[in-house]
Amino acid sequence: MKYKLLGMVMTVLMVFCALAAASLDRSSGTGRVHQHRSAQLPQEECGCDGEELCTHLPLIRITTGGQEIPGDIIRDPEDDDLLLGYTTTPAGETEALVTIETVEAEGEWHHASDPADLQSQALVRIRGNSSRNFPKKNYRIKLVEDETAAQGRSLPLLGMSAENDWALHGPFLDKTLMRNYMWMNISAEIMGYAPNVRFCEVMIDGEYMGVYLLMETIKEDEHRVNLSDYEQGSAATSYLLRLDAEEEGRVMLDNYTWYTQQMEFNETYRSAFQVLYPREEDLSPEVVDYIQRDISRVERGLYSADMASGRYDYEEELDVDSFVDYYILQEFLAVNDAFSRSTYLYRDLRGRIHMGPVWDYNNVLNNFFHSFSYRGFLLARRGWYGRLMMDEDFVQKVIARYRQLREGILSDEYLLQYIDEVVAYLGPAIQRNDAVWGYSYDPDNLLVRQRREADPGETLEEVNPGSYEEALGWMAGYMLARGEWMDEHIEELLQYCHPSKTASQRVE
């Protein structure tokens, strides 16, 4: 086995641990719906003949009318590494108009032929970055009023707050099926809002596609990131930003760390702030300039000698608690993209810059394309955190908060119990999913970009789980090893604020 703790993990996974999570002093995620705990399951065996899909999970049906859903990758036939673009509809559109239905009544069995509980037309496309290479696709869905698609239609899909914008995540590289589900929920309990998530099973044009996760997207909305409304004609505004790879056609900020290249650490792309709110139609040059100047002013403070000497009062600008919680989650989960891709922050005119919401946990806990050590700090020297770690007060807050969380919601006992509960809830849906996608347990059946690649001295079989049970064990084993390492080394974060590290940047 790859991890020395694996045998112990698989034993513990068979036992439910009765542990009450310690109270969290900023658990604004209280009231979070954890589907596997709250769902009303059918009380009796289903009386159907078993000739069609019968599931206790919500069911989503998509009818395309024979269309190919656009957004798939087009590669150069002579150079597989060269991306030419993405597929479109015959009319050149990037989204296809489809019908989407849900069968989701609580406490009932759901069948492929059951009447829909909710139905709408929708625009759909394939979404994601590396996940576009997977045969099990991820989709972006926008509900619309009618075939003109001129107006969005908000519906409370699978019991979540009514909205028109959704993501349908199909776990493929994550053989456990649960990373995004588990860690979106736990993140919400720790630091407030994170996108709500619901397990479901999906059928497209009558074909069973396996277990999926319906997710709220990150956007400004009363029930998502709730910001004060933009006032037409005003330059000053609340804003929501995403830090991601530079992307053509997006409004990117020309802020301080962009034009000074202070945050660039990846050799293949530059990370830039993209504006998600205000919406594009409200992004006048004056509004963009306001956001750029606001972010740049904060960054100049963080990257100044005053930060090193302790004279810059960053707490006046940043919601420090959110930065602390975000840091702990990203380090604990070993998120390689933290403060590089899929990183969000926002500021309401009424307050400070808030870190988050979190997004994209599909690759956490060593589910990347190459093996990832459970040792070492990933984020302590990256982006804004490289500057915040120069301040001892911030480091001490991280250490204290980490210790607190490890006594409760991030304890080994709680997390192992959570994994066990989710497995029990998914039940036979795991086998149904494997009936379609189980071939992927043999890495020889997969192309490069669809599997984890072996490092020197490893084989493909050693880095790609051969069964669902093995995938669970590897995830839990890495999680325990990561927690143990951080427990032993968290105090070493103090090195980043030691005078020997900061003296050269101090102003006397």
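## A tour by selection

Start with L82: at 39% relative accessibility, this residue counts as partly exposed, because the partly exposed class lies between under 20% for buried and over 50% for exposed. The model you are viewing is predicted.

**Strand β4.** Select residues 79–86 to see the strand that holds L82. Together with L82, they form a nonpolar patch on the surface. The three have about 250 Å² of accessible area together.

**The barrel.** Next, select β2, β5, β7, β8, β9, β11 and β10. These 7 strands make a closed barrel, in the order β2-β5-β7-β8-β9-β11-β10. Their pairing is mixed. On average, neighbouring strands of this sheet are turned by 40° against each other, direction ignored.

Zoom in on one pair. Strand β10 covers residues 197–204, and β11 covers residues 207–216. They run antiparallel and share 8 bridges. Which residue of β11 stands opposite F199? Pick L213.

**Strands β12 and β13.** Select residues 239–245 for β12, which pairs with β13 in the antiparallel sense over 6 bridges. Click D244, then A272 in β13: these two are bridge partners. Strand β13 itself spans residues 271–277. Of its 7 residues, 6 are buried, so the rest of the structure largely encloses this strand.

**Helix α13.** Finish with residues 468–489. Is this helix largely enclosed or exposed? Here 16 of the 22 residues are buried, so α13 is largely enclosed by the rest of the structure. At 1.5 Å a residue, the 22 residues should span 32 Å. The end C-alpha atoms are 32 Å apart, which agrees.

Definitions and conventions. Residues are numbered from 1 along each chain as its sequence is written. This is a predicted model: local features need pLDDT of at least 70, side-chain atom pairs count only at pLDDT 80 or more; totals for chains, interfaces and linings use all residues. Side-chain values use heavy atoms; hydrogens and water are left out. Patches are made of residues with over 30% relative accessible area and no salt bridge: like charges are joined within 9 Å, nonpolar side chains (Val, Leu, Ile, Met, Phe, Trp, Tyr) within 5 Å. Accessible areas come from the Shrake-Rupley method with a 1.4 Å probe; for residues, only the protein chains shown count as cover. A salt bridge is a side-chain nitrogen of Lys or Arg within 4 Å of a carboxyl oxygen of Asp or Glu. Helices (H or I, at least four residues) and strands (E, at least two) are DSSP runs, numbered from the N terminus. Buried means under 20% relative accessible area, exposed over 50%, partly exposed in between (1.4 Å probe, protein chains only). The expected span of a helix is 1.5 Å times one less than its number of residues. Two strands pair if DSSP finds at least two bridges between them. Axes are lines fitted to C-alpha atoms, for helices over the stretch in contact, and angles run from 0 to 180 degrees between N-to-C directions.
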